[in-house]
Amino acid sequence: MLTPSPQDLRVALARYADARIEDARRSTDVTARIVEDAAYTLCVMTGTQAVPQALHAADTMLGVRATVSPALRRPVGTQQDNRLQTA
């Protein structure tokens, strides 16, 4: 696996966060698809298969110490992330 640059990883994290925020504000098929695409990209970049692991891997790659519980960082029972975890 190629290791992404810190800048590329930060862009992917920001894209995922922005997509989640927009989907939470006004969920549509389009916003859900954007979240799914951003989550997939993040998983590919980190070599993981689920968003929680991708977020942890990204933090590790960036040298960020976890200060927030993983349970608070991921959505609970969202359709998009459940599909990625079972894929």
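How many helices and how many strands are there in the protein? In the predicted model examined here, the protein contains five helices and zero strands. Along the sequence, these elements are arranged in the pattern α-α-α-α-α.

Of the 87 residues in the protein, 34% are buried. Among contacts in the protein with a separation of 6 or more, 60% are accounted for by residues 24 or more positions apart.

Helix α1 spans residues 6–25 and helix α2 spans residues 29–46. Their axes lie 9 Å apart, and the two helices pack at an angle of about 155°. Because angles over 145 degrees count as roughly antiparallel, α1 is roughly antiparallel to α2. The crossing of α1 and α2 is left-handed. On the side of α1, the contact is made by D8, L9, A12, L13, R15, Y16, A19, R20, E22 and D23. Helix α2 contributes T31, A32, I34, V35, D37, A38, A39, T41, L42, M45 and T46 to this contact. By residue class, the contact of α1 with α2 comprises twelve nonpolar, three polar and six charged residues.

How values were computed: Residues are numbered from 1 along each chain as its sequence is written. This is a predicted model: local features need pLDDT of at least 70, side-chain atom pairs count only at pLDDT 80 or more; totals for chains, interfaces and linings use all residues. Side-chain values use heavy atoms; hydrogens and water are left out. Axes are lines fitted to C-alpha atoms, for helices over the stretch in contact, and angles run from 0 to 180 degrees between N-to-C directions. Helices (H or I, at least four residues) and strands (E, at least two) are DSSP runs, numbered from the N terminus. Angles under 35 degrees count as roughly parallel, over 145 as roughly antiparallel, 65 to 115 as roughly perpendicular and the rest as oblique. A crossing is left-handed if the near helix is turned anticlockwise from the far one by less than a right angle, and right-handed if clockwise. Contact means heavy atoms within 4.5 Å. Ala, Val, Leu, Ile, Met, Phe, Trp, Tyr, Cys and Pro count as nonpolar, Asp, Glu, Lys and Arg as charged, and the others, Gly among them, as polar. Buried means under 20% relative accessible area, exposed over 50%, partly exposed in between (1.4 Å probe, protein chains only).
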